[in-house]
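Q: Please take a close look at one part of this model. I would like to understand the contact between the two chains.

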Amino acid sequence: MSTTTDPVTNKEPSISKDSEEILTKKTLEEDDEFEDFPVDNWPSSATLRESTQLQANLWEENWDDVEVDDDFANELKNELDRYKQEHQ
Amino acid sequence: MNFVEVGQYFKHRYYDENLIKFLSCKYCNLEETIFTLDHASENEKLKELFKVTMEIKKDMNAFELKKKKKLNARVAHYKKTYSSIELQLKLMNRIAERETNWIVYPLLHVASGLLKVTLELSKRLRTPEFNESCGRSIHRCFTICLNDRNPKLNENKKIGIYVFANLEFKIYHELNNMDMVRNLIKVLKSRDSGNEIPSLRESLAIKYNSNIVTFNYFMGKYYTCVENDFTQGYKYLMDALLECTVRDKKQINKILVLLIPCAIISRKVYPNFETVERFQKDDVIPKLYKPIVECLLNGNLDKFEKVINNETVEIFILKNGLYVAINLIRELVFLKLIKTAVMQIENKAVVSLRYIATAYKKSLHLQNTDEESLLNELECLLANLISKKLVKGYLSHSNRCIVLSKAEPFPKQVLA
């Protein structure tokens with residue numbers, strides 16, 4: 001499942017520079033040490049578990065049940081409708 | 001002026017911030033704090049420890065106060081400090097063997113000091129020798145704690161195993177040696193199943209609870225990136241995340257980078273980016289995972305390839321040990337595509353592979369492909385989904401179709 005190759009230039013098609021597609025090098029290459037916490041102990045009331053609703057709000061249920069209505073979804077639907085008409 | 005008689009701590013078996021200040025390899029004004037050791041002390045090991053530690057402090061201070069620090073001088077300083085602290089740790093280890101568990105936290109500070117200097121050297125020399133030797137010295141602290149046979153549980157040094165395990169995790173990651181990580185976890189698991197060691201929350205980690213986050217993070221990282229056990233990975237990483245405070249943005253970021261793929265794979269959920277953005281330090285998480293989740297929701301394989309084949313993203317994925325996880329998510333994007341296509345037809349029991357091929361071609365922007373080999377490829381991909389119980393049904397090669405279970409063609413529970 002590799003990307004298609006342009007037979008003329010034999011190069012991969014250039015990727016559009018949408019901001020969401022390009023990750024800025026700076027942020028991704030930064031390498032912080034995980035362990036240097038500003039202090040090494042805190043009361044349990046300060047943890048995310050106790051002080052926020054994180055557990056309830058972090059996840060959206062089931063990506064496989066969500067129906068999206070974007071450009072790709074519509075194009076896919078049209079393509080499949082065409083197939084169905086041709087094969088009835 | 002502050003006078004600190006170091007021998008008192010060892011005599012009365014306790015510690016406070018002054019002893020920690022004495023043992024740590026940090027700058028401290030020796031004119032403001034005067035450390036002493038009673039000359040009548042009979043304890044030879046303690047005398048030696050005092051001497052070595054005072055030398056380290058003087059060296060550290062002299063170096064700190066220097067204005068210009070050239071690279072060579074810096075390396076020479078760290079090398080010298082390394083051998084002094086290694087000696088300091090060896091002496092502390094020998095003392096610790098006969099002490100009760102009051103010694104664990106002071107010992108941890110000496111070991112952390114050695115680790116700190118080792119990492120400075122590692123950054124500049126890029127040779128493993130100091131890391132390996134540091135790993136061995138710290139492992140000695142770990143085994144002293146682990147093998148303490150003191151029957152009085154309130155004095156037993158086993159409470160120290162997790163804080164030293166954390167230092168070992170760190171040094172093994174620096175060495176990029178996952179076998180050492182695996183061995184350490186094996187030891188902990190085997191002693192844990194025999195009920196021979198305290199749990200994380202019964203250990204010293206509960207008093208210095210940044211250690212709870214760190215331990216759960218490294219355990220989660222091991223299961224996610226080495227064992228590819230995303231269910232265990234999710235469990236440990238979620239525990240790590242919930243023990244953080246809102247100001248630990250850096251750690252939250254690092255946890256989420258691993259936790260999000262675990263959740264996608266093992267629980268079929270996906271992150272609420274509004275929530276994520278409230279807790280993060282920069283925009284790494286949404287930049288990486290928003291486009292991936294978008295593809296997961298609509299089944300766009302071509303977009304997915306483009307997202308992860310970006311060179312910077314690729315390096316990030318490899319560096320963070322997420323190669324396998326991301327490849328599994330690719331399979332889930334394919335699954336979503338199949339499910340979306342199947343949901344759009346009346347007869348969901350028997351689905352022609354040519355129909356699925358239409359969706360597949362659209363998703364990958366394929367044109368003029370050889371139909372037969374495309375169908376073979378699809379059979380292979382679908383067989384994988386069936387074998388992983390992501391799809392319930394069977395393939396008919398002669399009829400070029402997939403026969404799906406009526407009850408539950410796309411099972412809810414993911415078995416990762």
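This is a predicted model: local features need pLDDT of at least 70, side-chain atom pairs count only at pLDDT 80 or more; totals for chains, interfaces and linings use all residues.

A: Residues are numbered from 1 along each chain as its sequence is written, chains are lettered from A and ligands numbered from 1 in the order in which they are written, and side-chain values use heavy atoms, with hydrogens and water left out.

Start with the extent. Chain B brings 87 residues to the contact and chain A brings 54 residues (contact means heavy atoms within 4.5 Å). About 7,000 Å² is buried between chain B and chain A. Buried area is the accessible area (1.4 Å probe) that two parts lose on being put together, summed over both. Carbon and sulfur atoms give 62% of that area. On the chain B side, B:L242, B:K287 and B:K362 supply 10% of the area that chain B buries against chain A, more than any other three residues.

The rule finds six salt bridges across the interface of chain B and chain A. A salt bridge is a side-chain nitrogen of Lys or Arg within 4 Å of a carboxyl oxygen of Asp or Glu. A:D64 forms a salt bridge with B:K339, with the closest N and O atoms 3.3 Å apart. Helix α11 (residues 249-267) of chain B gives the largest share of the side of chain B that touches chain A, eleven residues. Helices are DSSP runs (H or I, at least four residues), numbered from the N terminus.

Terms used
Helices (H or I, at least four residues) and strands (E, at least two) are DSSP runs, numbered from the N terminus.
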